[in-house]
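Please look over the sequence and the model before reading on.

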Amino acid sequence: MQNADAYYLYDEAVILENLRVLAQTFPNFSFFYSAKTNPNPHILNTLIKNDCGIDAASAGEVRLAVKHGLSPEKISYSAPGKTDEDIRYALPRSRIIADSIGELLRIDKIAGELGGKFEIGIRINPPFGMDSPFGVSSQFGIDYESLGEIPDLSNVQITSIHTHVQSQNLGWEILARYYENVLSLARSMKKEGFAIGTVNLGSGCGIVYDEETQSPLDMEALGAAVGKLTEKYADVSRSLIIEPGRYLVGKAGVFRTRVLDKKVSRGKTYLIASGGMNGFLRPAAANIAKLYGPVNRGAEPLISCEKPCGITVLNDSTETEVVTITGNLCSGFDVFARDITLPKAEVGDFIEFSNAGSYACTLSLREFASQPKVREFFRTVDGEVLE
Ligand SMILES: Cc1ncc(COP(=O)(O)O)c(C=O)c1O
């Protein structure tokens, strides 16, 4: 990690512990890691080695999963707006999930051109929300009410369904109710003649970003509820999937940045650091959102809450001071935090931000201003640090 002014550090032990908790909570499920959360190759390796599949949000992520040796049944490819080229590449290499009836027809046609018979899935836009009895209009999936409009298909068979309506939920009862609604919907579809082999319930398990205002998801209570559901809906499908992202890796990463300059402007002390919006965008994004009012509801995956991370200074200082921490871009909005009390930091010290394992490195404006790209390191369970 020497010579890096700004870098991420991911901790394999934390990822494995999170996977263990998920496996305990969802004992009969397969986990398909949502690669867009953090496609770092060491993270992918760790999760794949531990039997996770990949939820790919693009043909690029299907490519990544194939490169890591995954077979088609361990890759689920779900994204709106697939090109013909995406479909042609992904069809033989993944379980492709159609996002509209138009796309389903294109997939069927391309499957015919490829000369195969493929099992595929459809994403359903359900007639309910995560915490609401009403469905909404959405760019994702096929409206449940429109399923009757699906024509006969020649070259593909729909054998799985996929839903995902919301991320970052911390209420176990909300999640359990949502899972039950999805399983009940799957049961209805089965009765209507769909040959459902797999139900993918999407994601939803949230993490605590702000220790002061949020409480962790009660995985024990969720596990008990999931256990009852899997018994009650045992007839519905052979295989159940969830596709967690942040739960696995969000708290397994920190972002560290070096103080490059310290100055006082009209009474305010500034720490100017490397890699702001171009390194770890989420704190700046939350600050920008705050300018427009209270951040009651997030804008995932960019903004989850008003205080998306903890901030510490990596030195032994016992004195504190009130500082504003900024990045070094030419934007007045490149601000990590305003007017916070921290141990006194000097030029050369590192500041550490927590909750930086998901929707962080790849979500940031890494090309902006031709600044050096932040680096990523991975600490293995054996303590080795890999780049
Ligand atoms: C379809 C789908 N699956 C899984 C996820 C992962 O969500 P999370 O990181 O909150 O677990 C997302 C996130 O937006 C998603 O859109």
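This is a predicted model: local features need pLDDT of at least 70, side-chain atom pairs count only at pLDDT 80 or more; totals for chains, interfaces and linings use all residues.

A polar contact is a pair of N or O atoms within 3.5 Å. In Tyr359, a polar side-chain atom lies 2.5 Å from an oxygen atom of the ligand. Ser203 also has a polar side-chain atom by a ligand oxygen, at 2.4 Å. For Arg246, an N or O atom of the side chain is 2.8 Å from an oxygen atom of the ligand. On its own the ligand has 400 Å² of accessible area, and the protein covers 89% of this.

The surroundings of the ligand comprise 15 residues, and Ser203, Glu243, Gly245, Arg246 and Tyr359 are the closest of them. Sorted by class, this shell holds eight polar, five charged and two nonpolar residues.

Is Tyr359 buried or exposed? Its relative accessibility is 8%, and buried means under 20%, so Tyr359 counts as buried. Its backbone has a phi near 45 degrees, a positive value in a residue that is not glycine. Most residues other than glycine have a negative phi.

Ala369 is also found in the loop between β16 and β17. Ala369 is not a glycine either, and its phi is positive, at about 65 degrees. With 42% relative accessibility, Ala369 counts as partly exposed, because that value falls between the 20% and 50% limits.

The peptide bond leading from Glu300 to Pro301 is cis, with omega near 0 degrees. Most peptide bonds are trans.

Now to the chain as a whole. It contains 18 strands and nine helices. Along the principal axes, the C-alpha atoms fill a box of roughly 70 × 45 × 40 Å.

How many of the 387 residues count as buried? The share is 53%. Among contacts with a separation of 6 or more, 70% are between residues 24 or more positions apart. The chain exposes about 17,400 Å², of which carbon and sulfur atoms supply 50%.

How values were computed:
Residues are numbered from 1 along each chain as its sequence is written. Side-chain values use heavy atoms; hydrogens and water are left out. A residue is near a molecule or strand if one of its heavy atoms lies within 4 Å of it. A polar contact is a pair of N or O atoms within 3.5 Å; within protein, one must be able to donate a hydrogen and the other to accept it, and residues adjacent in sequence count only if both atoms are side-chain atoms. Accessible areas come from the Shrake-Rupley method with a 1.4 Å probe; for residues, only the protein chains shown count as cover. Ala, Val, Leu, Ile, Met, Phe, Trp, Tyr, Cys and Pro count as nonpolar, Asp, Glu, Lys and Arg as charged, and the others, Gly among them, as polar. Helices (H or I, at least four residues) and strands (E, at least two) are DSSP runs, numbered from the N terminus. Buried means under 20% relative accessible area, exposed over 50%, partly exposed in between (1.4 Å probe, protein chains only). Contact means heavy atoms within 4.5 Å.
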